[in-house]
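Here is a short report for a reader who is new to this structure.

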Amino acid sequence: ELTLTDIGHAELTKLVRRVFMFSNSHAPHVVSFSSITGSGSGEICLQAGEVLAAQGCGTVCLVDANLHSPRLHELAGVGRSPGLTDAMNEPRPIEHYAKRFGSSNLYIVPAGPLPVEGAAFASDRMRARLHELTKQFDFILLDAPSGDSHTDAVLIGQMSDGLVLVLEANSTRRETARTTKSVLEAANVKILGAILNNRTFPIPEAIYHRL
């Protein structure tokens, strides 16, 4: 199981509370995490899920939607299959693919086998399965493809209530971050915030808006 430093855990808790815990009906329940480059969103998605589950606000399901570069199953120590790609091709209820992880209210749907078609996200089946998950769990956190694969990141973002950008400390270029942010916003993907991975703290609002 992943552990965070006391500082990292405190900052990630702030992010989770800011993103998920509104005192009104507008709180997002389906949120995707996408790295600008690389695969750091998997760690943040898993850690955010653990923090959210620990708050006792309901059931949490992590979904590895980064089908070509999945990480959640490795980080969580579960098998890659059966998983999301199986669910898009089989009739069994979606909860069949959700494995309990850690606390009793935290689950994970791994990626499953490598998909044959790259446009799996665009299918009605993917949307239907995600909708099915919202009936079974209170919160859905998706690890999305990296933002430099704009099409896939946009499709997952559009299926979510919002997206959290994950920037890599000392490696994400400002221009790359700015371009990705613009592409997502132009596609009407709501960006809920950004977090600096490997230092694990939310980017201050003033700096974020200068991206």
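## Salt bridges

The structure holds five salt bridges. A salt bridge here is a side-chain nitrogen of Lys or Arg within 4 Å of a carboxyl oxygen of Asp or Glu. One of them joins Arg71 and Glu43, at 3.3 Å from N to O. Arg71 sits in the loop between strand S2 (60-64) and helix H3 (72-76), and Glu43 in helix H2 (residues 41-54), so this pair ties together parts 28 residues apart in sequence. Helices (H or I, at least four residues) and strands (E, at least two) are DSSP runs, numbered from the N terminus.

Arg71 also meets Glu74 in a salt bridge, at 3.6 Å from N to O. Arg71 is partly exposed at 21%. Glu74 is exposed at 53%. Another salt bridge pairs Glu90 with Arg92, at 2.8 Å from N to O. Glu90 is partly exposed at 24%, and Arg92 is partly exposed at 35%.

## Model and numbering

This is a predicted model: local features need pLDDT of at least 70, side-chain atom pairs count only at pLDDT 80 or more, and totals for chains, interfaces and linings use all residues. Residues are numbered from 1 along each chain as its sequence is written, and side-chain values use heavy atoms, with hydrogens and water left out.

## Aromatic pairs

A search of the whole structure finds two aromatic pairs. Rings of Phe, Tyr and Trp (its six-membered ring) pair if their centres lie within 6.5 Å; planes under 30 degrees apart count as stacked, over 60 as edge-to-face and the rest as tilted. Phe20 and Phe139 form an edge-to-face pair, 5.7 Å centre to centre with 90 degrees between the planes. Phe20 lies in helix H1 (residues 6-20) and Phe139 in strand S5 (residues 139-143), so the pair ties together parts 119 residues apart in sequence. Both Phe20 and Phe139 are buried.

Tyr107 and Phe137 form a tilted pair, because their ring centres are 5.2 Å apart and their planes stand at 55 degrees. Tyr107 lies in strand S4 (residues 106-109) and Phe137 in the loop between helix H5 (124-136) and S5, so this pair ties together parts 30 residues apart in sequence. Tyr107 is buried at 15% relative accessible area. Phe137 is buried at 8%.

## Helix H5

H5 has 13 residues and should span 18 Å at 1.5 Å a residue; its end C-alpha atoms are 19 Å apart, which agrees. The expected span is 1.5 Å times one less than the number of residues.

Which residues of H5 are buried? They are Met126, Arg129, Leu130 and Leu133. Seen down the axis of H5, the buried residues fall within an arc of 100 degrees, so they line one face of the helix. The arc is taken from the directions from the helix axis to the C-beta atoms. The face turned away from the buried side carries the exposed residues Asp124 and Lys135.

## Ser34

Ser34 is placed in strand S1 (residues 30-35). Ser34 is buried, at 1% relative accessibility. Leaving out residues up to four places away in sequence, Ser34 touches several residues, among them Ser41, Ala144, Pro145, Ala153 and Leu165. Contact means heavy atoms within 4.5 Å.

How values were computed:
Buried < 20%, exposed > 50% of the residue type's maximum accessible area, 1.4 Å probe, protein only.
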